[in-house]
Amino acid sequence: MSEFWLISAPGDKENLQALERMNTVTAKSNLSFNTKFAIPDFKVGTLDSLVGLSDELGKLDTFAESLIKKMAQSVVEVMEDSKGKVQENLLANGVDLTSFVTHFEWDMAKYPAKQPLVSVVDTLAKQLAQIETDLKSRTAAYHTLKMSLENVEKRSMGNLFTRTLSDIVNKEDFVLDSEYLITLLVIVPKPNYTQWQKTYESLSDMVVPRSTKLIAEDNEGGLFTVTLFRKVIDDFKTKAKENKFTVREFYYDEKEIKREREEMSRLLSDKKQQYQTSCVALKKGSSTFPDHKVKVTPLGNPARPAAGQTDRERESEGEGEGPLLRWLKVNFSEAFIAWIHIKALRVFVESVLRYGLPVNFQAVLLQPHKKSSTKRLREVLNSVFRHLDEVAAASILDASVEIPGLQLSNQDYFPYVYFHIDLSLLD
């Protein structure tokens with residue numbers, strides 16, 4: 001499952017024993033895979049500042065989750081021809097998202113733990129805000145390009161009455177630079193081809209004999225040329241209409257046709273350059289941040305992910321990718337990493353607010369094995385940690401007990417600090 005529960009309990013002897021009981025029960029019942037989640041010792045500050053940070057972090061958490069979801073969707077859009085490879089490009093610090101979460105280590109270089117908490121949160125907020133601003137700008141430019149290309153493609157995919165003819169006609173199909181003669185294009189229904197061949201020369205005076213030629217067809221009819229004297233154009237159009245032949249208003253302009261063809265070519269090229277199908281996916285082990293490795297202090301003994309690489313190595317591996325895809329990959333990684341750091345900050349702040357000072361708690365990351373086991377896992381956690389909130393536990397275990405202003409269910413009863421990480425939103 002791509003779902004994680006991030007919890008914490010006081011770090012005293014009683015609760016460390018409770019954590020061990022939880023680990024034993026969940027392992028025996030195959031409910032979840034559990035690892036310790038390392039969080040630095042931050043400067044606590046005042047209680048009022050922590051309360052304010054709690055609210056701010058909640059909003060920042062929601063914002064970060066929404067942002068990485070938008071970025072993941074943008075990757076899907078840009079890789080429309082290679083959707084099967086999308087997950088290969090949604091990485092964090094060069095490893096898959098599950099590995100990053102389960103082997104999380106605080107990035108001291110990017111978010112110094114010695115700074116006041118409010119400064120760390122401000123750094124994260126500014127980083128995410130800048131990524132969102134750049135994302136809006138880049139995706140807007142891409143969508144404008146995509147729409148322009150779609151409009152051009154629509155003009156080239158309609159029927160003979162509406163589509164552009166610049167990719168159909170050739171200079172040789174027309175009499176050009178003549179003072180007296182002109183070549184017209186006429187759309188003839190397929191059942192009327194024979195009639196056209198028999199009658200076009202007599203539809204008007206001054207039609208050049210044997211001047212018609214079929215140059216294009218669609219499901220409904222064909223596009224024929226016919227050459228005649230300029231002064232009989234109106235008369236020819238009238239007679240053609242009476243015979244269910246439609247003169248298409250088109251006059252060969254070599255410069256305009258060249259411009260249309262160049263526009264189509266340019267738009268196709270620009271769109272392709274945003275994502276080239278020959279792109280090289282980030283290999284496991286590449287790194288978004290130099291010298292940032294990941295490690296874990298496991299309750300079990302999970303395998304460690306590959307060691308990180310430098311930015312230079314990552315960039316060389318990304319050669320061949322278009323600029324938009326390359327930007328999305330790098331900044332998706334940064335945004336995701338920031339999101340998990342926000343989760344860690346929320347655990348720290350809420351643990352201090354709930355368990356008090358001095359700071360002493362243990363954070364644990366649980367990965368439920370099955371969706372069907374989450375209810376049982378919740379029951380195990382509530383049972384093991386019910387002593388942290390006996391009043392709330394009593395209201396759950398004894399439905400006859402009514403506590404004014406307190407309405408809880410098994411779904412929202414958390415005697416411990418709890419946060420949810422759902423990676424399925426990126427699938």
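Reply: Let us start with a cavity. The lining of the second largest cavity is made by S74, E77, V78, T139, Y142, H143, L324 and L328. By class, the lining has four nonpolar residues, three polar and one charged. The volume of this second largest cavity is about 30 Å³. The count of cavities of 30 Å³ or more comes to two. Keep in mind that this is a predicted model.

Empty space shows up when a probe the size of a water molecule is rolled over the atoms.

Four strands form an open sheet in the order β6-β7-β5-β8, and their pairing is antiparallel. The edges belong to β6 (213–217) and β8 (246–248); each has a single partner strand, so one side of each is left without a neighbour in the sheet. On average, neighbouring strands are turned by 40° against each other, direction ignored.

Look at one pair of strands. β5 (residues 181–189) joins β8 in the antiparallel sense over three bridges. V186 has V247 in β8 as its bridge partner. In general, the strands of a sheet pair through backbone hydrogen bonds.

A helix also packs on this sheet: α7 (residues 233–242). Helix α7 touches β5, β7 (221–229) and β8. The direction of α7 makes about 150° with that of β7.

How values were computed:
Residues are numbered from 1 along each chain as its sequence is written. This is a predicted model: local features need pLDDT of at least 70, side-chain atom pairs count only at pLDDT 80 or more; totals for chains, interfaces and linings use all residues. Side-chain values use heavy atoms; hydrogens and water are left out. On a 1 Å grid over the protein atoms alone, a cavity is a set of points where a 1.4 Å probe fits but cannot get out, and a pocket is an open set with protein on both sides within 12 Å along at least five of seven lines; lining residues have an atom within 4 Å of a point. Grid points are joined across faces, edges and corners, and a volume is the space filled by probe spheres set on the points. Ala, Val, Leu, Ile, Met, Phe, Trp, Tyr, Cys and Pro count as nonpolar, Asp, Glu, Lys and Arg as charged, and the others, Gly among them, as polar. Two strands pair if DSSP finds at least two bridges between them. Helices (H or I, at least four residues) and strands (E, at least two) are DSSP runs, numbered from the N terminus. Axes are lines fitted to C-alpha atoms, for helices over the stretch in contact, and angles run from 0 to 180 degrees between N-to-C directions. Contact means heavy atoms within 4.5 Å.
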